[in-house]
Amino acid sequence: MERIKDLKELLVFLDTKQYTKLRQYLAELNEADIAALLEQLEGENMLKVFRILPKDLAADVFSYLDVDNQQMIITSLSDREAAGIIDNLMSDDAVDLLEEMPANVVKKLLANASPDTRRDINHLLRYPEDSAGSIMTVEYVDLKASLTVNQAIERIRKVGLDSETIDICYVLDPQRKLLGTVALRYLLLSDGDEVIEDIMHENVIAVNTLMDQEEVAKQFKKYDFTAMPVVDNENRLVGIITVDDIVDIMEEETTEDMEKMAAIVPSDKPYMKTTVWETYKKRIPWLLLLMVSATFTGAIITSFEEALSVYAVLTAFIPMLMDTGGNAGGQASVTVIRGLSLGEIQYRDVPRVLWKEVRVAIFCGVSLAAANFVKLMLLDRVGFQVSMVVSLTIVVAVLMAMLIGCLLPVGAKRLGFDPAVMASPFITTIVDALSLLVYFQVATVILRI
């Protein structure tokens with residue numbers, strides 16, 4: 001309701017051309033809320049309101065807009081205005097923007113940006129995609145170990161406005177090697193004459209520039225940090241990563257895992273901005289693979305046509321057996337994949353995982369088989385032997401499905417693949433074929449066909 005009220009007031013100011021009042025009104029709102037309001041406006045009005053914003057506020061609001069609106073605004077501004085936005089963005093946000101822009105626009109923006117901005121952006125662009133170096137920012141507060149607390153606070157006053165965060169300051173030697181960190185609160189609570197070297201925290205947790213962003217996110221979770229230094233192979237500080245970047249990474253990685261688990265090639269575009277053709281290309285490869293692999297199921301049924309002709313009733317239970325096995329395998333795979341992603345399951349834990357899944361599978365399989373046996377005998381009235389065939393198959397199918405569901409993701413991880421690839425669709429296809437083989441083999445033994 002608040003947002004609707006804000007939008008109505010904004011439109012009133014626009015319609016009545018009260019631009020001074022509009023500027024004052026927007027200055028009292030949070031940057032993220034202003035961005036949300038802008039995205040509800042038409043292109044021309046969005047640009048008009050954006051131009052009204054004070055320069056320092058405009059850059060902050062710009063960083064919260066989605067990529068399409070950023071591109072629309074940046075290409076509508078004059079070269080000088082656009083360069084001003086780029087100069088006032090944090091370097092990591094500027095890099096994210098430029099990576100989505102056409103090459104000719106990027107060239108023009110960089111040509112008009114300040115030398116410092118160009119240097120910082122080019123520095124970040126040289127790192128591999130999805131690495132710590134590619135998502136870090138170079139705006140941070142660095143201190144010398146020989147400074148006093150008063151001198152350190154004075155330096156923070158000078159450079160703090162241009163830094164991503166001032167909560168943690170980084171102590172460097174003349175070669176820019178990371179010696180330690182000092183929190184702002186310790187500076188404020190310490191005596192002004194104390195030397196930074198005496199109060200800094202020397203046991204620094206840092207990440208390497210080439211570390212994968214998903215591993216970086218795990219480090220943030222492990223240590224509960226709001227910012228983390230990024231160092232090169234010689235332990236020289238080259239940037240920092242803040243928790244707001246980690247939130248975006250976790251969302252991106254979770255979305256990617258969900259797409260892989262659904263047998264979809266991951267996409268970096270939102271659903272509503274992905275064309276039909278792009279969506280088709282993302283989905284068809286796995287659908288084709290799964291369709292071809294599913295032909296083995298048909299081949300198994302064909303090879304047992306004679307048995308089915310004698311006991312036609314067996315055909316009625318094929319879908320239930322396949323679904324039960326696939327569901328059991330899917331449950332096991334999702335649990336193990338999540339455990340692998342969170343680092344809860346290591347390779348040394350595989351025997352324990354297998355032993356646990358065997359026991360769970362036996363309990364689940366027996367429970368399902370017992371319920372199914374009662375149903376077949378009392379409701380379907382198919383006879384004792386057929387009921388035994390179906391119920392025994394359920395026990396074996398569930399056991400196989402859960403073992404496959406936990407082994408395949410672990411195997412994929414061991415081979416260097418994303419374990420999410422080995423999720424429900426892939427496992428279901430394998431389990432379906434094995435369940436049918438077990439079904440017909442059990443039927444052959446018990447029914448003597």
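1. A salt bridge is a side-chain nitrogen of Lys or Arg within 4 Å of a carboxyl oxygen of Asp or Glu. The structure, which is a predicted model, holds eight such salt bridges. Several of them are taken up in the points below.

2. Start with helix α12, which spans residues 149–159 and contains both R157 and E154. These two side chains form a salt bridge, with the closest N and O atoms 3.2 Å apart. An α-helix has 3.6 residues a turn, so residues three or four places apart point the same way. R157 has a relative accessible area of 59% and is therefore exposed, the cut-off being over 50%. E154, at 36% relative accessibility, counts as partly exposed.

3. D232 and R236 also meet through their side chains, in a salt bridge of 2.8 Å from N to O. How is D232 classed, buried or exposed? D232 is buried, because its relative accessible area of 16% falls under the 20% limit. R236, at 34% relative accessibility, is partly exposed.

4. In the salt bridge between R352 and D349, the N to O distance is 3.7 Å. R352 is exposed, with a relative accessible area of 62%. D349 counts as buried, at 13% relative accessibility. A charged side chain can thus be classed as buried and still take part in a salt bridge, as D349 does.

5. Salt bridges can also be linked to one another. D142, R155 and R176 are joined in a network of them.

6. Helix α20 runs from residue 350 to residue 380. Which of its residues are buried? They are V350, V353, E357, A361, G365, A369, N372 and L376. After α20 comes R381, whose phi is positive, near 50°.

7. Helix α19 covers residues 318–341, and S333 lies in it. S333 counts as buried because its relative accessibility is 0%. What lies 2.9 Å from a polar atom of the S333 side chain? The answer is the backbone oxygen of G330.

8. The largest nonpolar core has 58 residues. Within it, L26, L38, F50, F62 and I241 touch the most other members. Helix α4, residues 43–52, supplies the largest share of this core, five residues. Take L26 as an example. Leaving aside its neighbours within four places in sequence, L26 is in contact with L10, I34, V49, L53 and L57. Another core lies apart from this one; it has 30 residues, including V398, V431, A433 and F440.

9. Nonpolar residues are also found at the surface. L288, M291 and V292 make a nonpolar surface patch of about 290 Å². M291 lies in helix α17, which spans residues 276–303. M291 is exposed, because its relative accessible area is 53% and the cut-off is over 50%.

Technical notes:
Residues are numbered from 1 along each chain as its sequence is written. This is a predicted model: local features need pLDDT of at least 70, side-chain atom pairs count only at pLDDT 80 or more; totals for chains, interfaces and linings use all residues. Side-chain values use heavy atoms; hydrogens and water are left out. Helices (H or I, at least four residues) and strands (E, at least two) are DSSP runs, numbered from the N terminus. Buried means under 20% relative accessible area, exposed over 50%, partly exposed in between (1.4 Å probe, protein chains only). A polar contact is a pair of N or O atoms within 3.5 Å; within protein, one must be able to donate a hydrogen and the other to accept it, and residues adjacent in sequence count only if both atoms are side-chain atoms. Patches are made of residues with over 30% relative accessible area and no salt bridge: like charges are joined within 9 Å, nonpolar side chains (Val, Leu, Ile, Met, Phe, Trp, Tyr) within 5 Å. Accessible areas come from the Shrake-Rupley method with a 1.4 Å probe; for residues, only the protein chains shown count as cover. A nonpolar core is a set of buried Ala, Val, Leu, Ile, Met, Phe, Trp, Tyr and Cys residues joined through side-chain atoms within 4.5 Å. Contact means heavy atoms within 4.5 Å.
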